[in-house]
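Here are my notes on the model you sent.

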Amino acid sequence: MFSTRVLSSSFKRNMSSLTRVETTNAPAAIGPYAQAIKANNMVYTSGQIGFIPATGEIVEGGVVAQTEQTLKNLSAVLEAAGSSLEKVVKTTVFMRDMNDFVAMNEVYAKYFAKHQPARSAVQVARLPKDAAVEIEAVAMLE
């Protein structure tokens, strides 16, 4: 049998402190989601792909150029939230083809040279706009 619990007032307060993050320095959301959400001294980003913010087009040049642009976009979203790549706790990398892992990793390593967060990397069947790579992050705000 299922039980019903009343939400504590502190939980309700925490839920009401969700803050949407938006910046024009990264591509606008192309669906019903936010670029990121701030909650409880953390920021949770949506996945970023290699869109050029000004045009909404994917950068040309394959996985290397797309990873570079993806990480620039991710950095812009984090900065808009009051965080940075140096405060990232965890990333998830989604790749169209795991054979591109080495090339993606070389670019990724430049952005996370000093601070290396936890990371997962997975191959997926397809990404939005047929992108080669998508990266999301969880970061601290303080």
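**Notes on a predicted model**

1. Thr92 has a relative accessibility of 14%, which is under the 20% limit, so Thr92 counts as buried. Please read this and the points below with the source in mind: the model is predicted.

2. Thr92 belongs to strand 5, which covers residues 88–95. Its side chain makes a polar contact with the side chain of Lys90, at 3.4 Å. With neighbours within four places in sequence set aside, the residues in contact with Thr92 are Ser120, Glu134, Ile135 and Glu136.

3. How many salt bridges are there? The count is three. As background, side chains of opposite charge can pair when their charged atoms come close.

4. Lys110 is exposed at 58% relative accessible area, while Glu68 is partly exposed at 22%.

5. Arg126 and Asp130 form another salt bridge, and their closest N and O atoms are 2.5 Å apart. Arg126 is exposed, with 61% relative accessibility; Asp130 is partly exposed, with 37% relative accessible area.

6. The side chains of Glu22 and Arg20 also meet in a salt bridge, at 3.1 Å from N to O. Here Glu22 is exposed, its relative accessible area being 59%, and Arg20 is partly exposed at 47%.

Terms used
Residues are numbered from 1 along each chain as its sequence is written. This is a predicted model: local features need pLDDT of at least 70, side-chain atom pairs count only at pLDDT 80 or more; totals for chains, interfaces and linings use all residues. Side-chain values use heavy atoms; hydrogens and water are left out. Helices (H or I, at least four residues) and strands (E, at least two) are DSSP runs, numbered from the N terminus. Buried means under 20% relative accessible area, exposed over 50%, partly exposed in between (1.4 Å probe, protein chains only). A polar contact is a pair of N or O atoms within 3.5 Å; within protein, one must be able to donate a hydrogen and the other to accept it, and residues adjacent in sequence count only if both atoms are side-chain atoms. Contact means heavy atoms within 4.5 Å. A salt bridge is a side-chain nitrogen of Lys or Arg within 4 Å of a carboxyl oxygen of Asp or Glu.
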